[in-house]
Amino acid sequence: MSRFMVNLVAINPKEEHRCTPPVEVLVDTGSELSWLPKQLLLEAGITPRGKKRFKLADNQVVERDYGYAILTAEGYTTNDEIILAESGDMSLLGVRTLEGFSVMVDNIGHRFVATATLAC
């Protein structure tokens, strides 16, 4: 399977003129949340609001800070929790962000496909 990468930007929801530069991230439907480098998020004024524990693909359990951001990629935008990734962590676009974008992933065409948001 090939890797599907996009550029993701995190915008500070309190000061929308402050944002990260575009970061190339792996579109990962196996990850619940999106992850971006901690330093870039802090520079954009996105502050930690708490900690969450994660089980990684190698079964290692880690704890990471999370914050809130407006996330945008490929012309889609949503607000979501964002993980402040530590050095060595991957940058990811997770399934909750994809659901917020109201898109499905076309892994063959390496693109997002707009869908209707479920109201029930």
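**Strands, rings and pockets in a predicted model**

A search of the whole structure finds six aromatic pairs. Rings of Phe, Tyr and Trp (its six-membered ring) pair if their centres lie within 6.5 Å; planes under 30 degrees apart count as stacked, over 60 as edge-to-face and the rest as tilted. One aromatic cluster is formed by Phe4, Tyr76, Phe101 and Phe112. A charge also meets a ring: lysine 52 lies over the face of tyrosine 66, at 5.0 Å from the ring centre. Such a contact requires NZ of Lys or CZ of Arg within 6 Å of the ring centre and within 35 degrees of the ring normal.

The model is predicted: local features need pLDDT of at least 70, side-chain atom pairs count only at pLDDT 80 or more, and totals for chains, interfaces and linings use all residues. Residues are numbered from 1 along each chain as its sequence is written, and side-chain values use heavy atoms, with hydrogens and water left out.

Strand 1 covers residues 5–11, and five of its seven residues are buried. Strands (E, at least two residues) and helices (H or I, at least four) are DSSP runs, numbered from the N terminus. Buried means under 20% relative accessible area, exposed over 50%, and partly exposed in between (1.4 Å probe, protein chains only). Valine 6 belongs to strand 1. Valine 6 counts as buried because its relative accessibility is 3%. Serine 102 is 96 residues from valine 6 in sequence and 16 Å from it in space, C-alpha to C-alpha.

Strand 1 pairs with strand 2 (residues 23–27) in the antiparallel sense, over four bridges. Pairing requires at least two DSSP bridges between two strands. Here leucine 8 stands opposite valine 23. Strand 1 also runs antiparallel to strand 5 (residues 61–73), joined by three bridges. Alanine 10 stands opposite leucine 71 in strand 5.

The largest pocket holds about 390 Å³ of space. Its lining has 14 residues, and Trp35, Lys55, Leu56, Ala57 and Leu92 are the closest to its centre. On a 1 Å grid over the protein atoms alone, a pocket is an open set of points where a 1.4 Å probe fits, with protein on both sides within 12 Å along at least five of seven lines; lining residues have an atom within 4 Å of a point. Grid points are joined across faces, edges and corners, and a volume is the space filled by probe spheres set on the points.

The second largest pocket holds about 180 Å³. Its lining has 12 residues, with Leu98, Glu99, Val103, Met104 and Thr115 nearest its centre. Helix 2 (95–101) and strand 8 (103–106) each give two or more residues to this lining.
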